[in-house]
There are 4 protein chains.
Amino acid sequence: MHCYSRRVEFAETDAAGVVHFTKLLGYVEEAEHDWMRGLGVIRLGEGFGWPRVGVEVRYLAPARFEDLLVVELTNLERQTRGLSYQFVIRREETLICRGQLKIVRVRLEADGSFTPQELPEAIGAIFGPNPTR
Amino acid sequence: MHCYSRRVEFAETDAAGVVHFTKLLGYVEEAEHDWMRGLGVIRLGEGFGWPRVGVEVRYLAPARFEDLLVVELTNLERQTRGLSYQFVIRREETLICRGQLKIVRVRLEADGSFTPQELPEAIGAIFGPNPTR
Amino acid sequence: MHCYSRRVEFAETDAAGVVHFTKLLGYVEEAEHDWMRGLGVIRLGEGFGWPRVGVEVRYLAPARFEDLLVVELTNLERQTRGLSYQFVIRREETLICRGQLKIVRVRLEADGSFTPQELPEAIGAIFGPNPTR
Amino acid sequence: MHCYSRRVEFAETDAAGVVHFTKLLGYVEEAEHDWMRGLGVIRLGEGFGWPRVGVEVRYLAPARFEDLLVVELTNLERQTRGLSYQFVIRREETLICRGQLKIVRVRLEADGSFTPQELPEAIGAIFGPNPTR
C-alpha cells in the first residue's frame, strides 16, 4: 500500500462548494506518481508516459476546501504492459471515493504517437518474474 | 441521444502532448449540462446540484490540442433520485473514450450539506410515470 | 479586434460561486488561439509554441456558471519576437476583467528547451514591414 | 515574507512540456492561503472570500513536471478593504516568475453577491492601527 496526503486547494473546488469530481482523480494520479518517484522511476524526462486505459470510481462523500485528504493505493497488480491498482480517498474516517485504475507504459515518439513498452525494471521487480513468459 | 461538440483547448493538454484524462470527463459533464440546459433545467441558480456518484471510463485513443471532439450521451435512464447514462467521445471515426456515469440531484443546503431530491419535472417527464409509485 | 465567445463551464467555477480568476486568463488564451487559427498559424503540430512573458489583469466583476462571456482582443502590436495585445472579458455590458498580455514565439527543442523565433509570416504580414530592420 | 513549496504535478503541465501559465498563479493563491491558514483566518467556512482585483506577472523561465518550486510572498501591504503583495516563484536559484497581486475581503451573500469587508483582526493587527481613521 502507498499513502499520499493532499490538502484540497481552493482552485479545485466548484460552485457546489466541493472538490470537483475530476480533481479527485487527479489526486489519485499524484499518489501514483509519488509512489513511482519513490521507486526512482522517471516518467517524462526520458520520453516515457503512463496513460490511463481504464478508470472506475464511486463517489461517497463530498470533500471541501482545506480538507486534508489521504489517498491510499492498494492491490497493485502487473498487467500486460501496465499496472492496475485500487484506491480510496479518505478524510480521517470518512470515505470520499474509491475505485480502480489501469495504466500502461508507453514511449512518447517524436511524431506524438505512443508505443507500448514493458514495465521498467524497478517496477517489474516488485511483482517477481512474469508468469506468462 | 444528445450530441455536444468541443474543441480541445491548450490548457487541457498535458506534457505527454494529449488531453489530460480528467479533462475528458469534464467534457462529458459539459455535454450533460448542455442537455439539461436544452430542457430548461436550472442547475445552480435555485440551489440544486447534480453530484456524480459513479464513473466508469475506458480510454481508447489520445486526443490532442485543437482536435474537434464530439461527446455523445446515450441510454439515459432514471435511477432513484438520479440518472445514469453512457457516453462516447469521438474525433470523427476515432473513439477517444467511452463509459458511463451515475448522477443524483441534491439541494445545496445553507450549511453546505446536500439533501437528495426527486428529479425535476422536465427531466422526469422524459421517462414517463415512475413505475415504482 | 478579435471576438471570441465562451460559456462558463461548471468545472471552471470555485467554492465562492464564481469563475476562478485563473480560468479567465485561460479564456483569453483560447481567444488568442482562435485568432491564430483563423490566420492558419499552426501552434504545436510543427514544434512551435507561444509562451506568455507578461500578464496584467484587473478583475472588475464576478462571472458565474452558465454566463455567456465575450473575450475581445485589441491593440495587437508587434514586439521583438512576439506580440502584445489588450483584452476585455464582458457579459453583455458588464466588464468582468481587462488587461494585457505579451507573448513570444519559440521553437520547442527536442531537449525541452525553447529557442526564440521570428513571427510566422501570416502574422508578421499583418503589421507590415518590420521598421527596425 | 512567507514561503510555500510546491511540487509541479503532471495535470498542471501542458503540451509545450511546461507548467501552464495559469497554474503558476494558482500556486501563488495557494501560498497566500497557506499564509492565512497560519494566522487562523478562516476563508470560506464562515462565508467570507478573498477575490483578486489585480494581478501582474512576468514569466522568466519555464517550470516542468516534478520541479520542486518555492513561492515567496513579500511586501504585504494593507489596502482599502484588502491587501497587496509581491511574489516570486523559484526553482532553486532560477526565477520562474514574479509579480504582484491585490485582493479584497468580501462577505459571500446568500444571493451570490459580494459585500466588501474590513480586514479580519488577525490580519489587520499585523499592519498596526489603520492610519486613515
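**Figure 1. The surface through which chain C and chain B of this predicted model meet**. Because 100% of the interface residues of chain C are also interface residues in chain B, the copies meet through the same surface. The contact comprises 14 residues of chain C and 14 residues of chain B, contact being defined as heavy atoms within 4.5 Å. Residues are numbered from 1 along each chain as its sequence is written, and chains are lettered from A and ligands numbered from 1 in the order in which they are written. Local features need pLDDT of at least 70, side-chain atom pairs count only at pLDDT 80 or more, and totals for chains, interfaces and linings use all residues, while side-chain values use heavy atoms, with hydrogens and water left out.

**Figure 2. Buried area and salt bridges between chain C and chain B**. About 1400 Å² is buried between the two chains, and carbon and sulfur atoms give 51% of this area; buried area is the accessible area (1.4 Å probe) that two parts lose on being put together, summed over both. Glu9(C), Phe10(C) and Arg37(C) supply 35% of the area that chain C buries against chain B, more than any other three residues. Two salt bridges are found across this interface, a salt bridge being a side-chain nitrogen of Lys or Arg within 4 Å of a carboxyl oxygen of Asp or Glu. Arg37(C) forms a salt bridge with Glu66(B), in which the closest N and O atoms are 2.9 Å apart.

**Figure 3. Elements on the side of chain C that touches chain B**. At least two residues of this side are supplied by each of β1 (2-7) and α1 (21-38) of chain C, where helices (H or I, at least four residues) and strands (E, at least two) are DSSP runs, numbered from the N terminus. The largest share, five residues, comes from α1(C). By class, this side has five nonpolar, one polar and eight charged residues; Ala, Val, Leu, Ile, Met, Phe, Trp, Tyr, Cys and Pro count as nonpolar, Asp, Glu, Lys and Arg as charged, and the others, Gly among them, as polar.

**Figure 4. The interface of chain B and chain A**. Here 25 residues of chain B are in contact with 25 residues of chain A. The area buried between these chains is about 2000 Å², of which carbon and sulfur atoms give 63%. The count of salt bridges is zero. The elements of chain B that give two or more residues to the side touching chain A are α1 (21-38) and β3 (52-59). The largest share of that side, eight residues, comes from β3(B), and its classes are 13 nonpolar, six polar and six charged residues.

**Figure 5. Strand pairing and the axis between chain B and chain A**. Strand β3 (residues 52-59) of chain A and β3(B) run antiparallel and are joined by five bridges; two strands pair if DSSP finds at least two bridges between them. Glu56(A) has Glu56(B) as its bridge partner in β3(B). Chain B superposes on chain A (RMSD 0.0 Å) by a rotation of 180° with 0.0 Å of shift along its axis. That is the relation of a two-fold axis. The C-alpha of chain B nearest the axis belongs to Glu56(B), 2.2 Å from it.

Terms used. Copies are superposed by least squares on the C-alpha atoms of residues with pLDDT of at least 70 in both.
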